[in-house]
Amino acid sequence: QVQLVESGGGLVQAGGSLRLSCVASGSIFSLNRMGWYRQAPGDQRELVASITSTDSTNYADSVKGRFTISRDNAKNTVYLQMNSLKPEDTAVYFCDAVFQTYYGTLQRYWGQGTQVTVSS
């Protein structure tokens, strides 16, 4: 069984910062790509940022220069540092992970989500 557990969400004023964490645990042989997505009410889930096992990163245009994704492979953890937050960043943030199992297969799991609310 594999679990992804997010933390760090909350309520912050516009211009503030939050740091999200996502810890992966369970039958994981190696973590490949990890990412953060978000979904606002009535909207589709969208990619915020992703990071590969070689630390290559990708960001949505709307967060470039404000958000930074990073990972700690020893802790199976991915982080999202969010600065200069805007009300339009309000959403439920989900992490996902693509990983190789001990059986050699690739799987993708999602976390349960953490709410981020930015007040104006």
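The following legends describe close-up views of one predicted model.

The model is predicted: local features need pLDDT of at least 70, side-chain atom pairs count only at pLDDT 80 or more, and totals for chains, interfaces and linings use all residues. Residues are numbered from 1 along each chain as its sequence is written, and side-chain values use heavy atoms, with hydrogens and water left out.

**Figure 1. The disulfide of Cys22 and Cys95.** The structure holds one disulfide, a term for a pair of cysteine sulfur atoms within 2.5 Å. In the pair formed by Cys22 and Cys95, the sulfur atoms are 1.9 Å apart. Distant parts of the chain are linked here, for Cys22 belongs to strand β3 (residues 18–26) and Cys95 to strand β9 (residues 91–100), 73 residues apart. Strands are DSSP runs (E, at least two residues), numbered from the N terminus. Cys22 is buried at 0% relative accessibility, and Cys95 is also buried, with a relative accessible area of 0%. Buried means under 20% relative accessible area, exposed means over 50%, and partly exposed lies in between (1.4 Å probe, protein chains only).

**Figure 2. The surroundings of Cys22.** Contact here means heavy atoms within 4.5 Å. When neighbours within four places in sequence are left aside, the residues in contact with Cys22 include Leu4, Val5, Trp36, Val78 and Cys95. The C-alpha atoms of Cys22 and Leu80 are separated by 8.7 Å, although these residues are 58 apart along the chain.

**Figure 3. Strand β8 and its two partners.** Two strands pair if DSSP finds at least two bridges between them. With β3, strand β8 pairs in the antiparallel sense over six bridges, and Leu20 stands opposite Leu80 of β8. The pairing of β7 with β8 is likewise antiparallel, over six bridges, and there Thr68 stands opposite Gln81 of β8. Strand β8 is mostly covered, with five of its six residues buried.

**Figure 4. The largest nonpolar core.** A nonpolar core is a set of buried Ala, Val, Leu, Ile, Met, Phe, Trp, Tyr and Cys residues joined through side-chain atoms within 4.5 Å. The largest such core has 30 residues, of which Trp36, Leu80, Met82 and Tyr93 touch the most other members. At least two residues of this core come from each of β1 (2–7), β3, β4, β5 (46–51), β7 (67–72), β8 (77–82), β9 and β11 (114–119). Strand β9 gives the most, with five residues.

Figure 5. Arg38 is placed in strand β4 (residues 30–39) and counts as buried at 7% relative accessibility. A polar contact is a pair of N or O atoms within 3.5 Å; within protein, one must be able to donate a hydrogen and the other to accept it, and residues adjacent in sequence count only if both atoms are side-chain atoms. The Arg38 side chain makes such a contact with the side chain of Glu46 at 2.7 Å, and another with the side chain of Asp89 at 2.9 Å. Beyond neighbours within four places in sequence, the residues that Arg38 contacts include Val48, Phe67, Ala91 and Tyr93.

**Figure 6. Two loop residues with positive phi.** Asp55 is not a glycine, yet its phi is positive, about 70°. This residue, Asp55, lies in the loop between β5 and β6 (57–59) and is partly exposed, with a relative accessible area of 48%. Asn76, in the loop between β7 and β8, likewise has a positive phi, of about 50°, without being a glycine. The hairpin of β7 and β8 that holds Asn76 has four residues between the strands. At 25% relative accessibility, Asn76 is partly exposed.

**Figure 7. Aromatic pairs.** The structure holds three aromatic pairs. Rings of Phe, Tyr and Trp (its six-membered ring) pair if their centres lie within 6.5 Å; planes under 30 degrees apart count as stacked, over 60 as edge-to-face and the rest as tilted. Phe29 and Tyr102 form an edge-to-face pair, 5.6 Å centre to centre, with 75° between the planes. This pair links distant parts of the chain: Phe29 in the loop between β3 and β4, and Tyr102 in the loop between β9 and β10 (106–110), 73 residues apart. Phe29 is exposed at 51% relative accessibility, and Tyr102 is exposed with a relative accessible area of 58%. The pair of Phe99 and Tyr109 is tilted, because the ring centres are 5.6 Å apart and the planes stand at 45°. Phe99 lies in strand β9 and Tyr109 in strand β10, so this pair ties together parts ten residues apart in sequence. Phe99 is buried, with a relative accessible area of 1%, whereas Tyr109 is partly exposed at 26% relative accessibility.
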